[in-house]
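Please read them with the structure open beside you.

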Amino acid sequence: MGKIIEIKELTFSYDKEKILNSLNILIAEGTFLSIIGPNGSGKTTLLKNIARNLSPTIGKVLMDNQSLDSIPVKELAQKMAAVHQNPDISHQFRVHDIVMMGRHPYINRFKRETSKDIEIVRQAMINTHVFDLRDRFVNELSGGEKQRVMIAKALAQEPDVLLLDEPTSSLDIHHQMEILELLKLLNKNKGISVITVLHDLNMAARFSKEIMLLYKGDVLTLGRTEKVMTAENLEKAYAVEMVVDRNVYTGSIQVCPVSTFKRKGQNSKMRKRVHVICGGGSGKLLIQKLHQENYLLSIGVVNQGDSDWELAKKLSIEIIEEKPFEGISETVLMSALNKAAEADAVVLTSIPFGRGNVENLTLAEQQAVNNKPILFLDQYPKGVSVDFVGGKGLERLNALLEKGMIRVTNIEELLEKLEVC
């Protein structure tokens, strides 16, 4: 069975610098918890307090209602194992000997290891893919190989709680996946509680049952992965604009940092208002770029569920939307006309014209009458039909070009034109 970890009023300081601020945390048995947060938030310090490598300045850490300080070292080592960053192995030990050290809490003084100990060590090395290195000296290994050896040693302790500080930091992507998949398997099949510090937000989201987000020595939030890994929480901690969605292949939450711009409170530097006429994915790259450049954006009319609509939703961009698979109603078109009228410029992307969206051209036509800058991002593929309304869409498009709509062929050129519009 796993063990419940309880942290009560934990404060920790290095000299006069406070790192952790009166933390109260309950970590349930059998969880897979990843601790995330920006540099300096106290992740490693917290893990070392849980591992009893550091003692709280104030407060305490308990395991099943028993203070860690009151648990004998040998007994604690049978319950909890820790793998820290950059282990300092100064002596010439072979890999097998290092992993066998994980059995010391179970071997009486002046006794030799048993066949059971040998088998547990063998299996730990196999699981971490260091069995072939068993006769090598540890100091001859790469950083990633050493990391896997130390994880094997921790597994040999057969702990109820496994603590790991950046267990994948020195590993290539193949071994990162192997280690995290192994930890997830141990958590699922053996009920081992895994508590790990991770910098890779996507790996944390994919493998963790729970996430703890630390920020400036405080727990910003703690709970199920879906609850913690929101754009709002991550932006507050990391000061980076985030897009959070789901990976189409794994189904897990996926985090994409977008920009370090601080959009709120920048009115004095706010860029122009731009309304984008798009749809069917024709505006995705443009929307991302304009958003990064801090333009005030609106898009539409687009149907709900459209890929451009989905991106705008994630970026909290204003959308004039229509119901899925429906043409543009008069009411929605009027809303879009009003929004385009508020903009400093209107951008038309290379949308295919159908009965459902051809009236979007009305937005550009009306603003052309008002002498507002209209830019056309022409990225239509050659030889591909894009007009499904009997040529009326392209006819209206060409009429706009004759009236002075500015044609560009790439986003960089479009940005230059917007600067001088």
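1. Which residue in S10 does Leu-214 stand opposite? In this predicted model, Leu-214 faces Val-219 of S10, and the two strands concerned, S9 (residues 210–215) and S10 (residues 218–224), run antiparallel and are joined by six bridges. The hairpin that S9 and S10 form has two residues between the strands, and there Lys-216 adopts a positive phi near 55°.

2. Helix H9, which spans residues 231–238, has Asn-233, Leu-234 and Ala-237 as its buried residues. These lie on the same side of H9 because the arc they cover around the axis is only 90°. Glu-232 and Lys-236, by contrast, are exposed on the other side of H9, and just after the helix Ala-239 takes a positive phi of about 55°.

3. Six strands make up an open sheet with parallel pairing, in the order S15-S14-S13-S16-S17-S18. Strand S15 (318–322) and strand S18 (406–408) are the edge strands, each of them pairing on one side only, while the twist from one strand to the next averages 20°.

4. At the S15 edge of this sheet, strand S14 (residues 296–303) runs parallel to S15 and is joined to it by five bridges, with Glu-322 in S15 as the bridge partner of Asn-303. Helix H12 (residues 330–342) packs on the sheet, where it touches strand S13 (273–277), S14, S15 and strand S16 (345–348), and the direction of H12 makes about 155° with that of S15.

Notes:
Residues are numbered from 1 along each chain as its sequence is written. This is a predicted model: local features need pLDDT of at least 70, side-chain atom pairs count only at pLDDT 80 or more; totals for chains, interfaces and linings use all residues. Side-chain values use heavy atoms; hydrogens and water are left out. Two strands pair if DSSP finds at least two bridges between them. Helices (H or I, at least four residues) and strands (E, at least two) are DSSP runs, numbered from the N terminus. Axes are lines fitted to C-alpha atoms, for helices over the stretch in contact, and angles run from 0 to 180 degrees between N-to-C directions. Contact means heavy atoms within 4.5 Å. Buried means under 20% relative accessible area, exposed over 50%, partly exposed in between (1.4 Å probe, protein chains only). The arc is that of the directions from the helix axis to the C-beta atoms.
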